[in-house]
Structures are given as structure tokens and as C-alpha cells.
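Biologist: Please give me a close look at a single part of this model. Keep it brisk, and spell out your cut-offs.

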Amino acid sequence: MCRIGSIKSTTPVSPSKALALMLPQQEGYDNSGFAMVMQDLYGIFAPYKDKPLLSLACTKEGARMVEEYMDSLGFAQLSSWTPVPDKKPGLDIVPMPFYIFRCYDYPAHYDKFEDREALLLDTRLALRKMLTEAGEGYVYSFWPDVLTLKEIGDPHDIATYFRLWDDNGALMAKNIIVQCRQNTNYAIVRYAAHPFFLQGYTLCANGENTFTTKNSQMQKSLNRGYIGFESDSQNFLYTLHYVHHELKWPLNYYKHVITPLPFTEMEKREDKDVLLSIRESLAHLEINGPNTIIAGLPDGRMMTCCDSKKLRPIVIGRDDNMVCMSSDVVGLNYIMPDRNVALDIYPGERETIVVNNNLEVERWRQ
């Protein structure tokens, strides 16, 4: 199994807090990788919340290619964070030569949100295609107020290499979603590492999706951003994006798409016509298998839900300043030892749990 976790805080926290949540769960992962998405950034990126931030790993040639391409589009660099790696001997990490975390101003004449949203997606896709074809790097996200780091190796050593234990204030965020463990059903590649990101939506998963083939075949025709499919868990992200962003349905319908109710239960409900229509039209987006997801939304909310048999664990704990989600309760015990454990939530198989920006925990029954 993978191990997934998230922190939503009223005050900015450093990546070390998310690592502290995950490392006590080490028996549940195999030290093959670490990845995180930070949203609602502070530290060095605090002045640029409305400006797009590019996150990628590449070679020297890849860095040159990216710089030329961004210049050709009219993006102007505003700020950047360049990791100064700790290269102590014996670290279990397979690093790239260069890591770019760079904030840009938009090109002229991109004033509307819809135009900027399309521009950022198309730019990321073009950079990914260019770097992949040349074998020169990986681009993970290009979006305002979002930073993505993915790497192969031992999570503790990855944090050491990037000096994430230092808590020097450079990287801070109120929302962090993290996973420890690389993809194990497919090849070990950086794009397969959770969390996945698309246009403000972040998602990581613990488990499997045995319907990935039919999910992928349908999703490839739905949106130009639904690409890659290096992991069966990417299907969860693309369906969330499609239901909430493209169809603009209320968030509670996501659960009805991925794990629809049995027909016998639908027939007893007042909204049976809606639920039946969803199942008929989006049957190829249903998922199957043991899984749990944690997701972040463009508006800052976080959510989690499980498969219809609840075969992968998740627990939610809180104190006065944070709400955390974790595959194992030991993670919560480590970073929130004084919380009221009676308030811990273990979501049911027919629930969606949403944490809003006031740290209120909403429980939606399917």
C-alpha cells in the first residue's frame, strides 16, 4: 500500500511538518519516492500569489530550452527558489541536475481568467512534450500559488538533499498534500509519483483502480490535459477535474460518479433520475478496487473519500490550528499528540469528507 497525507493549517507550515506526518508510517511504504504539492504559499513566494509558478526538474540543456520557450511566449520571471542540495554521501536519491521553481508574470494581453487558465495548461503541456521528446526533464505544475516537488528515493534522504528539514522559512504553505512511495504497478518514473496536479486540482491515492483501462480510454477524449496515464490513480484526478471543472457539477456528485450506488438503492431515492442518468452517461468513469483519495481544490478546500468497500484506511484529526488526513493514525499521533482523539474521523465507504477554509469538517453522505 501507499501512504498519503495532508495538512490544512490556519498558519503557514514548512514541508518538514508534512514529512513528520508521513515518516512514522514507514512500514507502509518502500522508500521508493516522495512527492508533495504545496498550495497557498508563503515564504519567498508570498508576494506572488496571483502569478503562475513553474515546477520542474531537468538537465542543463532542459533548463536552457525552458528559458528560451518561456521568453518566446512573453513570460517575465519574477522570483525563484533554487535548492542548494546537501550532497552528503550515502543518500538514497536519484536526483536531476537542475530543479526550477520559478514565478512568472503573465504575457501582455492575458487579462481574463479563462484565457490565463488555458495559457497555463497549454504552456505546461508544451513544455512537457518538448522535454520528454528531448529526454531532458519533467514539468509537474504551472499554476498560481502552487509548488510541486517529486523525486525518486528514500523520503527522509530526499528531504535531507533538498534541506527540507531546515525550516528556514523559504518554503511555507497552509495546504500540503504528500505521498511517500513511488508508483509500483508501473515503471518507476517521476510522472507516476503522486500527488497529481491539473488546473488547481491536486490528488493522491492509496490503492488500485482496476477500471483504469476504460477510465483512460474515455478520459483521453474529454480534455487535452488528460495525458500520461503513468499511474492508474491519475484517473481519479481527471474525473474530479471533469466533474467539477468541466461539467461544473456540485462536488458531492464526484462520489456518485466514481462509486455509484447500487440500482436497488437508487430506486428508493428522490433523486433517482439524476443518479441513474449519471451512471448511464459516465459509466466508464466508475472506479473499482481498494482505494482512498485525498484531494485539494482550486478554492483551497480539501477532501477525501474511499472505495465502496472501504478497503484502504484514512483518518482525519484536528487541533486548534490544523486539520490533517493520514493513512495511519500514527502520523496524527506524532504531529498532533495533544489533539482530542475522540474527534478523529474515520470516513465511511459512502461518505465524502470536505475541509473548508475555516477548518470546518463537512461530512456528506452519498
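Modeller: Take helix H5, residues 212-219: its buried residues are Thr212, Asn215, Ser216, Met218 and Gln219. Viewed down the axis of H5, these buried residues fall within an arc of 165 degrees, so they line one face of the helix. That arc is taken from the directions running from the helix axis to the C-beta atoms. Buried means under 20% relative accessible area, exposed over 50%, and partly exposed in between, with a 1.4 Å probe and protein chains only. Helices (H or I, at least four residues) and strands (E, at least two) are DSSP runs, numbered from the N terminus.

This is a predicted model: local features need pLDDT of at least 70, side-chain atom pairs count only at pLDDT 80 or more, and totals for chains, interfaces and linings use all residues. Residues are numbered from 1 along each chain as its sequence is written, and side-chain values use heavy atoms, without hydrogens or water.

The face turned away from the buried side carries exposed Thr213 and Gln217. Cover for the buried residues includes helix H6 (234-246) and helix H9 (272-281). Contact here means heavy atoms within 4.5 Å.

For context, look at the sheet. It is open, with 4 strands in the order E4-E5-E3-E6 and antiparallel pairing. Strands pair if DSSP finds at least two bridges between them. Strand E4 (76-81) and strand E6 (137-144) are the edges; each has a single partner strand, so one side of each is left without a neighbour in the sheet. E3 (residues 52-58) and E6 pair over 7 bridges, in the antiparallel sense. There, Ala57 has Tyr138 in E6 as its bridge partner.
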